[in-house]
Amino acid sequence: MPRLTRLLRNVSDMTKQSSNLPEAYIKRAMDQVEWKTPNAIQYRQTEIKRRKFRFTTNRPWTQQFRQQNQPGTHRKKVFLEPVPEWTFFKGDRVEILVGEDKGKQGLVNYIVQERNWVMVDGLNCHYRYIGKKKGFPGMMVKSEAPLLVTTQVGLIDPSDGKPTQAEWRYTEEGEKVRVSLRTGRIIPLPKLAEETPDYKTKSTYKVQEKDTSADQLTSITFEPQLKTFAMEIAEKMGIKEDRIPRKSFWY
Amino acid sequence: MTTDKYFKILPNSAFIHTSGSHKALSEFFDNEKNWGESEVKVGRAWKLDELRIKSNEDLHKLWYVLLKEKNMLLTMEHAAQEENRLFPNPERIDKVEESMKNLEDVVKERNRAYWLLETGETGERPSSLIEDELGREVHKMFDEHPVPMDHESEDTISKWQDVRNFQRLMKEKEFLEKRRALRRVRSHVCKLLRRFPDVDMEKLQQQYPEVDVQALRKRKDSRGHHDKNLS
């Protein structure tokens, strides 16, 4: 079913990758199950749950996201121009093509692939008040507004510093690279692209208490033997099993 | 003494189950320095390729390490809920579960290799696509029985007409669902064309292979409030 596959593709790869969270957790945190059949043989397993979500700058596992997608809320469908290959990454230099900051260049600091959005550090900003209470007017903060990657921003080609369209291609060594369509030059991925809340870069990850050390992780202890898992463990523990099971029938 | 006779077969070590540190019940709880923390950082789950290079004994040990960790996390989650407090980093549970799933997959992989080599069968629970009572194709996991299947005692009442009726209705339902889904995609693509007249048609076709985008372009519902309409 085409419709089903499209619905399952809800949370984008960029969001998953930048969060460094397991997919099962994101799914669990997003779930809004209203009713589910008991897990028993007499029921045809069905569930009533929210299937359409409005994605915003709030990440799907956050409380704010849950609040924006409260049960009973219905938002209009958002139409997105298809972007089959995502080419924007955190830390990329882009030029803004529309609005008040048109022609200015900046670094991408936030990506919402579900909406084709990027946010550019310190550009295309608006002001808003937070913490407004009775007797306190709130605090004014400056925050970036999202821009559409299809029409509103252009990736900068490092060879000439001008905006361009980009595409993924393979080098002769079989490496996947981002290439500028205008000049054909490679646009290298920024270091910030692999940043997650757990580490800035993979090499600078700080080892936590319960982590397995790299030596232990990469040491090869497997030796192929003509035994099943249970047979080998039983032998190691000194359990002898020589009974022959009775013939059984499967149907 | 019959029990003595039985227990003598196994060495004593098989019955003693010890864990690294003898903390008894408190092993169900997290380290005390993590209590009340708002964030407890951990690494990622074990990947399949990392588990494939480990010996069976290592995997066996790791399974119990993971199981203890999962028990601990579920206890802490429950305790936090009881106290109406925040359980830090709930994704830890999913990471442990993912690791356990990967570990089980690797063990199954090894067992399957052994059985295929020795007997030519996978050694797993047999299953196959069968036609059920209503004439639907379903994937059935078989059960183990001590005696072979008795074909004679099966229900001999003819359900032929009922099954035919059911099949007809089911096919109709499937057809309607399919048509509805296609219509939904078609209308979605028309709305996209209306909103984005400059859209790359090839990319659009790539994303919606079940419809003919060029033909939809000419439709009335694809006309937008701009001068890029085709007809």
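**Exercise 1.** Determine which strands of chains A and B pair across the contact, and in which sense.

*Solution.* Step 1: β13(A) pairs with β3 of chain B (residues 144-145) in the antiparallel sense, over 2 bridges. Two strands count as paired if DSSP finds at least two bridges between them; strands (E, at least two residues) and helices (H or I, at least four residues) are DSSP runs numbered from the N terminus. Step 2: F249(A) has H145(B) as its bridge partner in β3(B).

The model is predicted: local features need pLDDT of at least 70 and side-chain atom pairs count only at pLDDT 80 or more, while totals for chains, interfaces and linings use all residues. Residues are numbered from 1 along each chain as its sequence is written, and chains are lettered from A and ligands numbered from 1 in the order in which they are written.

**Exercise 2.** Describe the contact between chains A and B.

*Solution.* Step 1: chain A contributes 36 residues and chain B 48 residues, two residues being in contact if their C-beta atoms, placed from the backbone, lie within 7 Å. Step 2: on the side of chain A, α1 (2-8), α3 (23-30), α6 (229-236) and β13 (249-250) each supply at least two residues. Step 3: α6(A) gives the most to this side, with 4 residues.

**Exercise 3.** Identify the edge strands of the six-stranded sheet in chain A.

*Solution.* Step 1: the 6 strands form an open, antiparallel sheet in the order β8-β5-β4-β3-β9-β10. Step 2: β8 (147-148) and β10 (162-164) of chain A each have a single partner strand, so one side of each lacks a neighbour in the sheet. Step 3: β9(A) (residues 153-157) joins β10(A) through 3 bridges, and I156(A) has P163(A) as its bridge partner.
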